[in-house]
Each structure stands twice: as structure tokens, then as C-alpha cells.
Amino acid sequence: MIGKVFNMRKGWAILALLFIVVLQATGMEGCKAAPKPKVVALNGVTGLGLALLFESGDYEIEVGKSADVAVARLTSDGAEIAALPVSTAALLRNKGVPIRIAAVTNYGSLYVVSRAEGGLLQSASSYLGVPGKGTMPDVTLAILLAEYKSASSGVQHHSSPVELANLLLAGKAQAALLPEPWVSQVLAKDAGLRITSDIQAEWRAKFGFDYPLSCVVVTEKFADERPDALKKLLSDIEKSVDWVKSNPGKAAAMAAEKLSMDPAATEKAVPRCNFAYLDGPAAKAASSQFYSKVLQYAPTMIGGKLPDEAFYLDN
Amino acid sequence: MRRSTWTISLFSAIGLASLAIAWWAGSVLLGNSLLLPTPSETISALSGIVSDPGFAGELLATAYRVFKGFALSFLLGSAAGAACGFSWKAKALLSPALAALRTVPFISLSILAIIWFPSGTVPVFVAFLMAFPIVASSVMEGIGSVDTDLEELSSVYSVPFSKRAYRLYLPSVMPYVVSAASQSLGMSWKIVVSAEVLSMPARGIGGRMDSAKAFLEMPELFAWTLLLVALGFATDALLEAIRARAFGWREGRLWQRLR
């Protein structure tokens, strides 16, 4: 009996302790004045554009390997800012995550890398590896193949660009649609591989405009409550994108340290990443044009509808 | 004291109902179907999945992989377990491999298998390797459980091996075999689907779950999970029926039947 009481007390004590820990972890941060904005950046080209933000020390940055991390942080107040693929941003908005698109940071950087001859359509009908479902490579390929009314029987999904790059190098995948910097990475490792299709050129030829690839989104709360922080964020992003474009070597060194990306490949990749900073109406024009194509050909990839007007940040 | 089956069912029903209520309350409290969809959203997603024309194909693709992985691990695992049970040499020879397989993480096997095999073979291979040691050690244990007195007796009376195998070894080993089968089957469902998520074959439940995740269709993800639980229950019930027969067979006086 005594033992039982003692255990019960111990149980209560542990519960109380847990409660305090949770309170500390969740409640205390709100007490600080003007905390550093929290950012989730995906590794790869999307995070690379924000290289300078890592160094400034003004932001608390978490690097995610896939969009899931960004979803988790944005829905649970774990982050106010996220660097995401443009398609993912609209999908999140349409699924009820209160975010706004603040800036576009680069145009497309997708290429088909192959050992064999033949362009995009030939690869898509025999074998073409795509990294992940709902990713920008997946979205753009689905749209192009639908527009060409071409066979997609050879399209094979893989779980990540890293895995697909390994399969390509091991000779298990004949062709792969990869984003930079993985394109440069596989090209550097195997002289037998070549770029057989430039998705940006294919896209421009079909639709007459350049599609945006990465963007930075902010939560509605952040945009509404911290306009000064938002203004600073946008100018920091603009500086960072320009800096990465003109300092590939330094940017690659930083990517190696913060984003665990191969520095040599990243340096070579920068010119092919099509970095550009767009905000306000320009960002809206670039992304909404793209979304209307997604809606036409692959609607599920952005949640079945165009994002509403409030999605676009007015500035 | 024996509880009536009615009382047991009542308590199981209460357990099930409280699970459902906890789910419902959690989803209402969170108020965000991205984090936790409500039961009704999940049920409507489930009916959407089941009425999809491609549903049978996805289900059969996964079920076939589960069957292949299970059959491989069951047959080869039983053979290896029997060998270990009868011969100390085989046991010494195989035990390092079995010990290694028991502890190797699922993810290591999957990553390697993705590079080695086509995407549809990966789940079968991984499920086979994960279930194999479980079946093997269970069968080995079963053979170890055979009554040594009866074994000695039957050799004194020179009972032919065929009769000994059928009358003495099989009845003793059977409960172990059935429990190994149940464990490895349950494991195969989980492993096959997990490996499908990683290897992404063209058809299969794992691929559908990955799409649901990618397009943030959380009710659909929950619906597939419910479906997998139901499938696991169904195949387990099937084995339970077999187990009941096996136990019936085991009972009775072994030695009388040996004569």
C-alpha cells in the first residue's frame, strides 16, 4: 500500500515536471522582445538563394530535406518564414496553411541528364527518373508531357534527388530529371553523362514564359504583425540572391557548411540556377502564370484550385 | 474464473469506442485536418479510395508482394530453423547470419535494396529478410521443445523417421510455426508498405500513401492506414483459424499415436 502511494506520488511529480518543461518550451519564447524570425529552408537550390541570411545572424534558420518539415513548422508556429518550391507554396495555401508568397528567388533549374541519346520525350517513354511526387520536377514534367500529349510510361518516381543521383551514377537509371545542384554533381562524377534536355527551354518554347522555381513564403501573422521585419526580410533576400549570383565560390562554401551541399558542384551549378529576385506584382505575375498551367494540366499538385488573392503579398 | 465472451466483447467495444472518441476529440481540439483529420473526413476519404477504379490494382500489387515476402521467409525460414534444430553444426553456421539479420535496421536494407533491385522487388526482398530470422528461430525453438523422453522411446522402439516426423515432431513444432507465421505475416504488411513508400513502385499502397503525403491529403493518408490495419486483422484472423486447428491436432496423447 505504501509502495503504491509512493509510486503514485512519483507519477504525479513526473507529470508536473513534464508540464513545467512543456510550459518552458512553448510559453517562454513569447516573452522575449522581438525574437529572431524563424526560417525553414529546403536544401538544394531553394535554400541556396538564402545563403547570406545564414551569415547575418538575424534569423534562426532550420534546414529541411523535404517540404514536410516546412509544413510541420508553418502549421505549428515553429517558423514564420519558409523557402519552398513555388508549387508547394500554393498547395500549402490551398490546404489551409495561412501563408503568403513574399518573393520568388529563382527561375527553373531542371535538366534531363542521361547516358543515352534522345531528348525529353524519348526518355519519358523509355525511362526517366523523377525525384519525388509533387516536386517541381514532377509538376513541370507532368505539364510538359500533357501539353505534348506524350507517353509517360517511362516515368519512374524516386524518393529524393540524392537517391536518384546515386541510381544514375550506378547505371541503374538511364535518365533522370534533376534539379541543380545535383545536375552538376552527377556530371562531375561521371563523364559518360550529359544534359540531354533543358526543361527551361522546353517550357519557354511551349508556353512563352519562364517558370519560377523557388519562393519565400511568410505566415499571415508575420506579415500583419511585423511589417518592419518583413521589409528587412525582403531586402535581405534580394541582397542574398544577388550575392549568390555574383559570388558562386563563396556561396558554395557557405552551402557546404550550412546546407551540406557539395561545394565544387554547387559552384558550377550557380550559373545554371537562374537566380533572380522578384517581389510584389512581378512575383505575383510570374507565379500566377505558372499556377494557371498547373491547374490546367496537373491540378492535384497545387490542391485543385488557384490560390486566392490574399496569397500574394501586396507591397 | 472464466469470463463470459459477452463481457469480454463489451470491454473490447468500450476500448474501441474510447479510441474513436479520443481521435475525434483530438481532431476537433486541433481543428486542423493537416495535423489530424476528423473521423468523418477519413471515412469519406476511405470511400473515395475504395470506389476508385484503380483501387483493386493497388491493393493486389501490395498484397501480392506481402504474399511473396511472407512465403519466402516462411518456407526458407522454416527450412533453416529445422536445420538448426536438428544439427548443432547448422545452428553454429547460421547463427551469426540470423543474429545479424535480427538487428540490422530496416532502413539499411531498404537503402541498399533500392540500389540493387527494381522498385517492385525491393519491398519483397526487405520483408523476406526481416521476417526470415523470426521464423527460423521460432521453428528452431519448436524443435527444441520436442519431448526428449518420447524421442528416446521412439528410437528404442525404432519408430520409422517418417512416422516420427508426422506424429512427434510436427505436432510439437506446429504451434511455434503458426505463431511464427502470424508474426511474420503481420510484419510483412508493415514492411512491404514502408518499403513501397521508399522505393516507389508504379503500383502499391505505399505509393498511394506517398502521394497522399506529397499532396497533403491527410484524410487519405489516414484512410489508407485504417485500411492497412483492417487488412492486417483480416489476414491474422485467417491464421488464427489455422492455429485453432493446429492446437486441436497437438492435443491428445502423442505416444499412443506414435505406436
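Student: Before we start, what should I know about the model and the numbering?

Tutor: This is a predicted model, where local features need pLDDT of at least 70, side-chain atom pairs count only at pLDDT 80 or more, and totals for chains, interfaces and linings use all residues. Residues are numbered from 1 along each chain as its sequence is written, chains are lettered from A and ligands numbered from 1 in the order in which they are written, and side-chain values use heavy atoms, leaving out hydrogens and water.

Student: OK, chain B. How many helices and strands does it have?

Tutor: Chain B has 11 helices and zero strands; helices (H or I, at least four residues) and strands (E, at least two) are DSSP runs, numbered from the N terminus. Its C-alpha atoms fill a box of roughly 75 × 55 × 30 Å along the principal axes.

Student: At what angle do α3(B) and α8(B) pack?

Tutor: About 140°, with the axes of α3 (residues 55-86) and α8 (residues 161-199) of chain B 8 Å apart. Axes here are lines fitted to C-alpha atoms, for helices over the stretch in contact, and angles run from 0 to 180 degrees between N-to-C directions. That is why α3(B) and α8(B) are called oblique to each other: angles under 35 degrees count as roughly parallel, over 145 as roughly antiparallel, 65 to 115 as roughly perpendicular, and the rest as oblique.

Student: And which residues make that contact?

Tutor: On α3(B) they include V66(B), F70(B) and F74(B), and on α8(B) they include L185(B), W189(B) and V192(B). Contact means heavy atoms within 4.5 Å. By class, the contact of α3(B) with α8(B) has 12 nonpolar, four polar and two charged residues. For those classes, Ala, Val, Leu, Ile, Met, Phe, Trp, Tyr, Cys and Pro count as nonpolar, Asp, Glu, Lys and Arg as charged, and the others, Gly among them, as polar.

Student: What about α4(B) and α6(B), how do they cross?

Tutor: α4 (residues 88-103) and α6 (residues 122-144) of chain B cross at roughly 135°, and their axes come within 9 Å. So α4(B) and α6(B) are oblique to each other too. K91(B), L98(B), L101(B) and R102(B) of α4(B) meet a set on α6(B) that includes F132(B), P133(B) and M140(B). That contact of α4(B) with α6(B) has seven nonpolar, one polar and two charged residues.

Student: Switching to chain A. What's the strand order in the six-stranded sheet?

Tutor: It's an open sheet with mixed pairing, in the order β2-β1-β3-β10-β4-β11 (chain A). Two strands pair if DSSP finds at least two bridges between them. The edge strands, each pairing on one side only, are β2 (60-64) and β11 (275-279) of chain A. From one strand to the next, the twist averages 25°.

Student: How does β11(A) pair with β4(A)?

Tutor: In the antiparallel sense, over three bridges, with β4 covering residues 99-107 of chain A. V104(A) has L278(A) as its bridge partner in β11(A).

Student: Which helix lies across those strands?

Tutor: α12 (residues 227-246) of chain A lies across β3 (81-85), β4, β10 (212-219) and β11 of chain A, running at about 160° to β11(A). α12(A) also packs with α13 (residues 248-258) of chain A at about 110°, with axes 5 Å apart. Therefore α12(A) and α13(A) are roughly perpendicular to each other. In that contact, W243(A), V244(A), K245(A) and S246(A) meet P248(A), K250(A), A251(A) and M254(A).
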